[in-house]
Every structure is written in structure tokens, then in C-alpha cells.
Amino acid sequence: MNLPFAIAFVDPTETTFSESHVREDLQILDLSISQDEGDFAALVIEVENPRVGLLAPGRKQWVWVSWNANYDPDASESSEAAFSDMTPLFFGRLVGVPSDLDQATVKLTFTARPLDFEDQKRTIAATMRADGAPYWDAIWFSPDTVNDPDNVLESRNVLWHIDRITGEVSTSSINVGEDGTIDVGEDDIFDGSISVSYGETPSKQV
């Protein structure tokens, strides 16, 4: 199978990428992956209309999408891609109804939200809550929300981070990027093209 991308519909428990996932369950015509800070990664693919109900009961709705680093467009279709050449890009679940169901192609949207997302958050939050003041104090929360895992982020400059391949939940700093810093100088931008604005009001007033 000489393909630039592979896509395999799998069970939600198949969380480890393997050689069995290097196949073409759908023909991918276009692909994009995006992830906003603090949110789940999203995959949008355009495929030939399969003319079947992809969200029908009993159908597998999770996918592994991988990329062939050594794809050769001039090679024969029967040539095999080495598993070592395949790089996993995304593991997630189909969400929503495909758009343009009457067209020759449809766009499918997937989200990389792990099944145990809430459990992972609660585990991390319990550890961060144990740090106590000044980062967390029960006095600031009502009894019905004191155990909300999102509370532990309110006094820290971090957001939840969800890995789009492993599904591992962690925290990521807003101020110090784990992948480093990109320096943008005045020669790299147009004059007057950068502006500063407030994103949202503070979560708490004291």
C-alpha cells in the first residue's frame, strides 16, 4: 500500500498505534489538524462519500490516522509502505453528521478527546490541590464546586493539554511554551499589523 496517509477505524480501546492500523478504510482527499490551547485536537478530512451511515450503531467510530514519511508518488500502488515509515498523527472519535451528504465527497470531523479525560483531570487536580495555599484554597469555592478539577487552574498560568496521539492529559504553561519561543522582530512583520486586546474578563473578583 503506497499511500501518503493511512486511516483505520478501530475500537476505542486500541490506544496503541500498530502495524494493523496501516490501512486505507477511507480514501483521504484532504486533511487538516488543528488544536487550540487548552482544547482537544480536531481532525477534518475530506473523503469519497462512503454512502453509509458512519455513526450507525455497531460501526467503529474511532480512527488512527498516520502519515507515510517516505511516500513516493511515482511508486506502484501495490508497493508496500514499511511500518517504520509511518508516523501516527491522530487518534480520535468521529463527531457530528458529515456535511454535504448528497455530494461525491464529504467532510468528516474527529476530536481527540480520550475516554478517561475526566478521570485524568481529577487525578492531576488532586495532586495540584495538595499544594495548598497560595495556589488553591477551598475557601474560595462553594461546596458544590470545590472538587471541580478546573478550580486548580484559576491561580496558575496553565491550561489543560491533551495529546492528540496518546490521549495523555497534562498542563501547559501559558507564559512559557514547552516547545520554545519564536522571536519575531520588526523586520518580520508589517508596520501596524499587530494589536493587543483583552480576551476575557477575570474569572474571580476579590
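## Salt bridges

Arg 23 and Asp 25 pair through their side chains in a salt bridge, 3.0 Å from N to O. The term covers a side-chain nitrogen of Lys or Arg within 4 Å of a carboxyl oxygen of Asp or Glu. This is a predicted model in which local features need pLDDT of at least 70 and side-chain atom pairs pLDDT 80 or more, while totals for chains, interfaces and linings use all residues. Residues are numbered from 1 along each chain as its sequence is written, and side-chain values use heavy atoms, without hydrogens and water.

Arg 23 is partly exposed at 27% relative accessibility. Asp 25 is partly exposed at 33%. (Buried is under 20% relative accessible area, exposed over 50%, partly exposed in between; 1.4 Å probe, protein chains only.) The structure holds 7 salt bridges.

Glu 118 bridges to Arg 113 at 3.4 Å, N to O. Glu 118 also bridges to Lys 121, at 4.0 Å. Glu 118 and Lys 121 sit 3 residues apart in helix α1 (residues 117-129), so about one helical turn separates them. Shared partners link Arg 113, Glu 118, Lys 121 and Asp 150 into one salt-bridge network.

Arg 113 is partly exposed at 35%, as is Glu 118 at 30%. Lys 121 is buried at 5%.

## A buried serine

Ser 66 lies in strand β4 (residues 62-68). Helices (H or I, at least four residues) and strands (E, at least two) are DSSP runs, numbered from the N terminus. Ser 66 is buried, with 0% relative accessibility. Beyond residues up to four places away in sequence, Ser 66 touches Phe 5, Phe 17 and Met 86, among others. Contact means heavy atoms within 4.5 Å.
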